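Have the structure open as you read.

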Amino acid sequence: MLDLIKKRRSIRKYAADPVPDEAIRKLLEAAMAAPSADNLQPWEFIVVQDANLRQQLARTHPWSDMCADAPVVFVVCAEEQRASHWVEDASAATENLLLAAAGLDLGAVWVGVYPNSRNEEHVRQTLDIPSKLRVLCLVPVGHPGESKAPRTKYDERKVHYDSYGS
């Protein structure tokens, strides 16, 4: 598992090959296996494969352009009124999705949307998302068009035992 965690890198370039339906299902299963406060599971996912919609998602903000080239984009949403910890729950689901993508030798990247209301509204209007759902992020996924070596960002200076001052 530690090797898989280190293997997971932000991939922003993708080959044109489609992501098989079976892989999409596995990614969603992994996302929904995430922990959830009070087991409320407030998440919902929109799987975007349509090229025109992916192009519109690419215009969400300056760092979302890779959505146009990824064969599939997962839009991670959650029902805020249903769970006070919707951000944490949807974030855990997103991390599971990212790790599962690495495990399937797919590339993926977390593209933040929340908490910028303008970006959230752009995605909401593009995909006709009801107002009861909040949009946490976009996750473009595809066969990697770039290669990055596994790594860790471990930094001993950020570790404290028993109290911050130690």
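How many nonpolar, polar and charged residues are in the lining of the largest pocket? That lining has eight nonpolar, two polar and six charged residues. The model is predicted, so local features need pLDDT of at least 70 and side-chain atom pairs pLDDT 80 or more, while totals for chains, interfaces and linings use all residues. Residues are numbered from 1 along each chain as its sequence is written, and side-chain values use heavy atoms, without hydrogens or water.

**Terms**
- A pocket is an open set of points on a 1 Å grid over the protein atoms alone, where a 1.4 Å probe fits, with protein on both sides within 12 Å along at least five of seven lines; lining residues have an atom within 4 Å of a point.
- Volume is the space filled by probe spheres set on the points, with grid points joined across faces, edges and corners.
- Nonpolar covers Ala, Val, Leu, Ile, Met, Phe, Trp, Tyr, Cys and Pro; charged covers Asp, Glu, Lys and Arg; the others, Gly among them, are polar.
- Helices (H or I, at least four residues) and strands (E, at least two) are DSSP runs, numbered from the N terminus.

**Largest pocket**
- The largest pocket holds about 200 Å³ of space.
- It has 16 lining residues, and Lys7, Arg9, Ile11, Leu106 and Pro144 are the closest to its centre.
- α4 (86-103) and β3 (107-108) each supply at least two lining residues.
- α4 gives the largest share, three residues.

**Second largest pocket**
- The second largest pocket holds about 170 Å³.
- Its lining includes Leu2, Ile5, Arg8, Glu95 and Arg151.
- Helix α1 (residues 2-7) gives the most to this lining, with three residues.
- By class, the lining has two nonpolar, two polar and six charged residues.

**Helix α5 (residues 117-127)**
- Asn119, Glu120, Val123, Arg124, Thr126 and Leu127 are buried.
- They cover an arc of only 165°, which puts them on the same side of α5.
- Ser117, Arg118 and Gln125 are exposed on the other side.

Definitions and conventions. Buried < 20%, exposed > 50% of the residue type's maximum accessible area, 1.4 Å probe, protein only. Arc of directions from axis to C-beta.
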